Amino acid sequence: MSHYFTEALKRARKVRDAQHERNDSVYASDASVELTIGDETQVHGRCLRAQYYRLTDTPISDPPSDEERFVAQVGEIMHTAVARTFADAEQLARDEWRLWIPEIRLSGRCDLLIRPRADGAKVGMEVKTVGGYIGRKGCIDTTRNTPLYPRFKDLCQTVIYAEKFKEEFQEWVLLYIDRETGTHREHEIDYQGHDHILVNGEPTSITPQAVYDRWKRLWAHVESKTAPTRDYQLRYSPERIQRLFDQDKLNKEEKERVQAGRKVDKGDKECREWCPWRTKCWKIDNDKE
């Protein structure tokens, strides 16, 4: 039995790994924000400590698998397909252009600029691919506990772009596409001022300044060579598990374990699944916090 694709994945990984990431700028796709919801302060978006590790050239301890890297590439292919669709519809004005914001040393890449209406007005568009029931929740589908709304981390990135190009156009769209079925949903972002941004017609507290403030703190940590505190948890405390139970945010099995007085092993996916420095952070650096 041949394994041509498996071997190609391995070889492609080595080629990409040789292409070193910049460590003199933050990335727009890593945008994040702190929100006060009820009596909790929640972080949405990329962990500052993870960004600190990248900016300080800290070797990763948990590299993504070849398959995970490939799935990320599939998302890029979907972007190309969306751009081609707008081009065929004669509505594509610009495809994938880079930007630089010197105040926070930010490097970004906008997805699309389209002209979908008869008046020729410009509309910026960010394209995000998702998959499965969990991936579609909120951004494409509504559920009993999840209203229809774009993901906060994606909104952080989009408001940064909206601020940058506010003199040229003020309308943006966050387009979510299920890569398995092609089902999609658009969310409208209307930039009306630095502190006045509408999402699907309603004001949002996710503003450019709220996002900038996090990066300013990050650069201060880089300059002082001190790692930021963790924004997420590898394993929730019993108190947080109980709070999630009270808020009906646990699955059936987890609820049953709580009711039986048994431990629930649960934490943030940002740590458990997505962070390439999780072992470095929680084991090697655990005694430094």
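Which residues in α2 are buried?

## An enclosed helix

In this predicted model, the buried residues of α2 are Leu-48, Arg-49, Ala-50, Gln-51, Tyr-52, Tyr-53, Arg-54 and Leu-55. Helix α2 spans residues 48–55, and eight of its eight residues are buried, so the helix is largely enclosed by the rest of the structure.

The cover over these buried residues includes β1 (26–27), β2, α6 and α10 (278–284). After α2 comes Asp-57, which has a positive phi, near 60°.

Strands β2 (residues 32–37) and β3 (residues 40–45) run antiparallel and are joined by six bridges. Within this pairing, Leu-35 has Gln-42 in β3 as its bridge partner.

The two strands form a hairpin, with two residues between them. Gly-38 lies in the turn and has a positive phi of about 65°.

## Nonpolar cores

The largest nonpolar core holds 50 residues. Those touching the most other members are Leu-106, Ile-160, Trp-172, Ile-206, Val-211, Trp-215 and Leu-218. When residues up to four places away in sequence are not counted, Ile-160 touches Ile-101, Leu-106, Pro-208, Val-211, Tyr-212 and Trp-215.

There is also a second, separate core of twelve residues. Its members include Val-82, Phe-86, Met-125 and Leu-175.

## Salt bridges around Arg-136

Side chains of opposite charge can pair when their charged atoms come close. Across the whole structure, a search finds 21 salt bridges. Arg-136 takes part in one with Asp-141, where the closest N and O atoms are 2.7 Å apart. Arg-136 is buried, with a relative accessible area of 16%, whereas Asp-141 is partly exposed at 27%.

Arg-136 also meets Asp-178 in a salt bridge between side chains, at 2.8 Å from N to O. Asp-178 belongs to strand β7 (residues 171–178) and Arg-136 to helix α4 (residues 132–136), so this pair ties together parts that are 42 residues apart in sequence. Asp-178 is buried, and its relative accessible area is 2%.

Where is Glu-96 placed? Glu-96 lies in strand β4 (residues 92–101). Its phi is near 55°, a positive value in a residue other than glycine. Glu-96 is partly exposed, with a relative accessible area of 36%.

Asn-200 is another residue other than glycine with a positive phi, near 50°. Asn-200 is found in the loop between β9 (196–199) and β10 (202–203). With a relative accessible area of 35%, Asn-200 is partly exposed.

## A buried loop residue

Is Thr-207 buried or exposed? Thr-207 has a relative accessibility of 9%; the cut-off for a buried residue is under 20%, so Thr-207 counts as buried. Thr-207 is placed in the loop between β10 and α6.

Leaving out residues up to four places away in sequence, Thr-207 touches Val-159, His-194, Asp-195 and Ile-197.

Technical notes:
Residues are numbered from 1 along each chain as its sequence is written. This is a predicted model: local features need pLDDT of at least 70, side-chain atom pairs count only at pLDDT 80 or more; totals for chains, interfaces and linings use all residues. Side-chain values use heavy atoms; hydrogens and water are left out. A nonpolar core is a set of buried Ala, Val, Leu, Ile, Met, Phe, Trp, Tyr and Cys residues joined through side-chain atoms within 4.5 Å. Buried means under 20% relative accessible area, exposed over 50%, partly exposed in between (1.4 Å probe, protein chains only). Contact means heavy atoms within 4.5 Å. A salt bridge is a side-chain nitrogen of Lys or Arg within 4 Å of a carboxyl oxygen of Asp or Glu. Helices (H or I, at least four residues) and strands (E, at least two) are DSSP runs, numbered from the N terminus. Two strands pair if DSSP finds at least two bridges between them.
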